[in-house]
Protein chains: 2
Amino acid sequence: MLLKNGKRLYFPRKRVLEKPRRQIEERMINFQTSPDQYKHWKLNVAGPVATLTMDVAEDVTLGQGYKLKLNSYDLGVDIELADAIQRLRFEHPQVKVVVITSLKPRIFCAGANIYMLGTSSHAFKVNFCKFTNETRCAIEDDSRHSGRRYLAALNGTASGGGYELAIACDEIYLVDDGNSAISLPEVPLLGVLPGTGGLTRLVDKRKVRRDRADVFSTLAEGLKGKRAKEWGLIDDYFPTSKFQESIDARVGEIVGEVTQTVSLPSDAEASRLNDNESSQTNSLRYGITLNPLQVEVKPAGLEYKYVNLILNREQRFADLTVRGPEGDLPTTPEEIQKLGDAYWPLQAYRELDHALLHLRVNEPEIGLVCVRADGNVDDVLAVDQTLEANKDNWLIREIVLFMARVLRRLDLTAKSFFAIVEPGSCFGGNLLELLLAADRSYMLNNPDEIVEIMASELNAGALPMSNGLTRLQSRFLAEPEKATLVLARKEPFNTEEAEVAGLITFAPDDLDWEDEIRVAIEERTSLSPDALTGMEASLRFAGPETMDTKIYGRLTAWQNWIFQRPNAVGPEGALTNYGKPTQAHFDFKRT
Amino acid sequence: MLLKNGKRLYFPRKRVLEKPRRQIEERMINFQTSPDQYKHWKLNVAGPVATLTMDVAEDVTLGQGYKLKLNSYDLGVDIELADAIQRLRFEHPQVKVVVITSLKPRIFCAGANIYMLGTSSHAFKVNFCKFTNETRCAIEDDSRHSGRRYLAALNGTASGGGYELAIACDEIYLVDDGNSAISLPEVPLLGVLPGTGGLTRLVDKRKVRRDRADVFSTLAEGLKGKRAKEWGLIDDYFPTSKFQESIDARVGEIVGEVTQTVSLPSDAEASRLNDNESSQTNSLRYGITLNPLQVEVKPAGLEYKYVNLILNREQRFADLTVRGPEGDLPTTPEEIQKLGDAYWPLQAYRELDHALLHLRVNEPEIGLVCVRADGNVDDVLAVDQTLEANKDNWLIREIVLFMARVLRRLDLTAKSFFAIVEPGSCFGGNLLELLLAADRSYMLNNPDEIVEIMASELNAGALPMSNGLTRLQSRFLAEPEKATLVLARKEPFNTEEAEVAGLITFAPDDLDWEDEIRVAIEERTSLSPDALTGMEASLRFAGPETMDTKIYGRLTAWQNWIFQRPNAVGPEGALTNYGKPTQAHFDFKRT
């Protein structure tokens with residue numbers, strides 16, 4: 001109903017970054033890339049070992065007015081890293097160890113570029129930190145759920161976001177060259193916090209003693225090998241002459257240790273799967289290829305194959321529709337692998353992910369997203385059945401883990417979400433999570449039409465929130481038996497049943513439907529966007545907190561505050577004056 | 001060593017609020033009060049039932065330029081409430097139910113006064129919210145650990161902080177008069193969040209479904225009885241004609257249900273304990289009297305009996321010294337009860353609590369507090385032994401619970417804390433918690449002198465942090481066996497042993513001592529105060545989160561951000577324009 005027709009233009013990936021064609025694209029940040037287009041990273045895959053080498057091209061920046069010296073990064077650099085992590089999981093599932101290192105002499109990574117931060121808007125800084133942290137979380141998700149080990153080989157100094165990248169890895173090794181150090185110099189040098197979860201990972205992941213964490217986080221020059229190891233900030237350090245061989249030895253050990261718990265294609269199968277295209281990675285491709293998403297950019301939105309985004313900019317809300325699968329989908333891992341990235345759950349969620357990132361960064365004034373699901377509930381549930389039945393297959397596992405990450409990206413998006421359930425909608429199973437993730441839901445109550453929702457096995461734990469609970473568990477904290485009832489039911493809920501089951505917020509009848517939704521949209525978009533962001537961040541995460549939610553809820557919230565304070569961004573603030581001959585001056589009142 | 005002598009002036013409580021005598025007191029907020037001085041609350045105790053009645057005197061305000069209409073409150077009102085809760089625990093331990101209600105017709109409480117908030121500095125708003133939330137936490141602490149039940153009898157509308165007060169109680173009853181409602185109108189009316197933990201308590205304590213919490217928190221007019229009960233926001237509602245009798249009936253039930261697990265004085269003993277002074281409460285006094293703290297106010301600090309605070313304002317740090325107990329202290333509950341509030345742990349921690357509040361609110365530019373403990377370790381440990389041996393006595397229980405609350409107040413104070421351990425210091429047992437709560441510690445390493453610290457049974461769980469862990473557990477998350485070793489050791493740690501045990505941060509020798517501490521102080525006080533606040537809030541709370549830490553870490557951090565945003569406090573912000581003919585205008589960019 002909300003789809004608009006129009007000539008489909010394929011999004012020219014390369015050109016968008018380098019040569020914007022139209023006004024609408026000029027201000028857009030493109031989240032799509034691929035290894036052959038990387039400017040800042042090299043991805044090399046050799047059997048079970050992948051090496052991700054950072055070699056930032058200082059002139060290839062996303063914004064203007066800064067150079068990416070010393071392997072410092074902006075969002076463009078992190079978009080490549082996120083892409084590489086994602087590709088490793090889908091395209092190179094045989095990889096057991098990922099080594100992250102640098103090609104620059106004596107420097108691993110200097111962190112987020114300060115001049116970029118200094119000249120960015122508040123909203124951009126916040127979104128930048130959120131995205132880079134999600135990339136770090138994706139590394140940890142890979143390590144936790146897919147068993148790949150990440151090893152940070154710090155062949156030079158890692159400061160700020162550079163050390164935050166390292167601390168997202170499973171193991172950290174630092175070169176002992178008399179000079180290289182690790183540091184989080186944000187507090188002493190910039191008057192802000194490490195913006196990508198560094199402080200929380202310090203005490204919660206590496207469990208560094210809090211007084212040592214305090215000293216380390218206020219020490220601009222950081223710590224070198226011996227003390228850093230003693231304090232648990234790194235796992236070991238090696239002299240320059242033995243650095244590479246020590247890393248290689250450790251990588252060899254890990255390769256021997258890691259055993260994949262899921263079935264992978266054999267080398268012979270992998271050879272068959274590989275076409276003859278030249279690959280930057282010089283490796284057999286064991287997995288599937290992630291092709292560029294095809295997206296039609298329109299003045300009022302984006303259209304993908306399964307996702308449609310319409311921007312009602314005047315009214316500051318968007319209509320986001322996910323289309324369910326069509327026709328008979330394959331049910332065996334072999335067929336699915338053949339279908340590759342065109343398989344509905346993978347393609348639809350890649351499109352959804354892209355649309356969410358676009359909304360966050362390119363459409364700041366959109367405050368509310370009305371989510372719809374268009375299609376047949378049974379077809380969605382059939383997909384879930386296939387995913388559940390084959391969850392031990394590596395590709396199915398990666399697809400479900402990816403769907404979970406996209407849904408968490410939605411949970412962490414600073415927009416309101418209303419789910420709208422109408423005739424012809426398909427909020428079943430994995431798409432029911434969209435409704436459960438929404439701040440509210442409206443379901444039409446019209447006995448003359450079929451309006452249904454239904455759970456599947458996938459709602460029982462495969463798609464957890466950042467707090468470790470399912471969305472049903474989070475919803476029914478007071479009445480956990482209700483979650484059980486929803487999962488046990490083997491037929492759809494109509495509107496009245498859904499209301500009784502506690503699955504929906506409002507069930508207006510046909511007469512009130514349009515007015516009620518119109519008024520709800522108008523009311524929501526009239527409220528203070530800041531208050532809504534804080535309110536949703538507080539209400540969405542009832543129940544336990546995890547390291548991930550702490551980073552978002554505690555560290556990020558404090559950082560947001562600090563990013564606004566004159567002591568950081570005022571004319572005399574530390575961030576403003578970094579690298580200038582002028583000095584920062586603080587208002588020393590403690591708050 | 002740091003004590004200055006001088007004539008002791010007793011702090012004239014009444015006069016300070018009403019008629020400041022000297023410049024230094026003029027800007028000071030006084031945290032001391034007592035029932036006979038209450039302007040806004042009436043405390044009535046009748047046997048096992050206490051009634052706290054809110055009747056705010058609209059002209060008795062702490063600041064200027066606003067009136068406290070409709071039982072709205074400012075910090076002065078909440079200081080009285082905090083005092084009343086505290087007194088109930090110490091002076092009236094026989095109380096089993098506390099009813100909180102209002103004397104104003106048709107209004108329970110309108111929450112924090114908006115005009116007060118609108119004209120307050122950012123730092124004051126933040127400190128105000130922190131204190132009011134600590135008062136709510138004290139109610140919950142009493143309910144959880146001392147078994148008193150709190151009942152909010154909403155005889156009229158409870159909005160904003162009014163409902164936040166109710167939600168801190170165990171049970172909430174609303175009058176059904178066709179008009180009275182509960183609401184959290186901060187988001188829709190003011191563009192800020194409920195500032196006293198309301199949102200978190202909504203979904204985490206009452207476990208209200210998140211979509212319903214979303215609707216409720218955006219509905220300026222709130223909800224009345226029926227829907228409020230259905231959504232779990234209140235426990236029940238009663239018509240006006242039956243309200244009082246229904247509350248009485250419920251109170252009667254609770255009195256029958258609650259059984260005290262600790263020994264209380266008998267009525268006969270209570271009669272003996274009571275002197276003949278007239279009491280506002282018309283009740284036997286079963287407990288001990290909390291007399292006004294005697295504090296000497298000097299230009300450069302405050303001096304109490306056991307606590308000394310010296311403000312080095314130019315250098316922006318304070319020296320806070322707690323003196324250990326002197327001589328032989330009583331060891332039986334009977335003797336301790338006779339000693340009353342002069343018993344060292346109670347008096348010293350009351351003084352410490354007062355000094356912390358003073359530092360927070362009256363000394364915003366002090367960024368660092370150097371904590372010392374002066375005295376004999378053995379004497380402190382002897383006190384702990386008495387407290388541990390008699391923990392089933394009501395008074396000892398209340399004293400230990402209070403010490404835990406004061407230490408948590410320290411954890412949540414936005415100042416850096418360095419513990420300084422020198423010869424003659426007594427960081428043992430409960431005072432070791434001060435060292436463990438500090439961001440860092442410095443312990444002199446001089447074999448020629450006795451410098452020692454030591455744990456006691458009280459470090460094993462009686463004084464938990466807000467995250468539910470002991471400070472030793474928080475410190476040794478990576479090596480829990482170290483916490484066990486510290487607790488098991490039956491003799492003091494000298495400096496080198498303390499360092500090996502992981503208890504201290506730095507152990508400079510005699511030659512470096514003065515320089516090292518001087519430089520550490522200079523460095524710390526040169527850093528951005530905002531970055532330090534955010535950093536400490538992130539590093540102090542490793543490990544699990546609880547509702548209390550979520551309120552502080554998530555909700556409060558978001559609120560801090562929102563309190564800075566132009567959409568709230570700018571010339572066109574919602575908070576600024578509340579109640580004016582002008583309208584708020586928002587920058588709708590979502591962050």
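Predicted model: local features only at pLDDT ≥ 70, side-chain atom pairs only at ≥ 80, totals over all residues.

Biologist: How many of the six residues of strand β9 in chain B are buried?

Modeller: Residues are numbered from 1 along each chain as its sequence is written, chains are lettered from A in the order in which they are written, and side-chain values use heavy atoms, without hydrogens and water. Strands are DSSP runs of E, at least two residues, numbered from the N terminus, and buried means under 20% relative accessible area with a 1.4 Å probe, protein chains only. Strand β9(B), residues 171-176, is mostly covered, and its buried residues number five.

Biologist: Which residue of β11(B) is the bridge partner of Leu174(B)?

Modeller: Strands pair if DSSP finds at least two bridges between them. β9(B) pairs with β11(B), residues 236-239, in the parallel sense over four bridges. There, Leu174(B) is bridged to Tyr237(B).

Biologist: Which residue in β9(B) does Ala153(B) stand opposite?

Modeller: β7(B), residues 149-154, also pairs with β9(B), in the parallel sense over four bridges. Opposite Ala153(B) stands Tyr173(B).

Biologist: How many disulfides does a search of the whole structure find?

Modeller: A disulfide is a pair of cysteine sulfur atoms within 2.5 Å. For Cys169(B), the closest cysteine sulfur, in Cys109(B), is 11 Å away, so that is too far for a bond. Over all chains, the number of disulfides is zero.

Biologist: How far from Cys426(A) is the nearest cysteine sulfur?

Modeller: Cys426(A) is buried, with a relative accessible area of 0%. Cys426(A) is in no disulfide, and the nearest cysteine sulfur, in Cys370(A), is away by 17 Å.

Note on methods:
Buried < 20%, exposed > 50% of the residue type's maximum accessible area, 1.4 Å probe, protein only.
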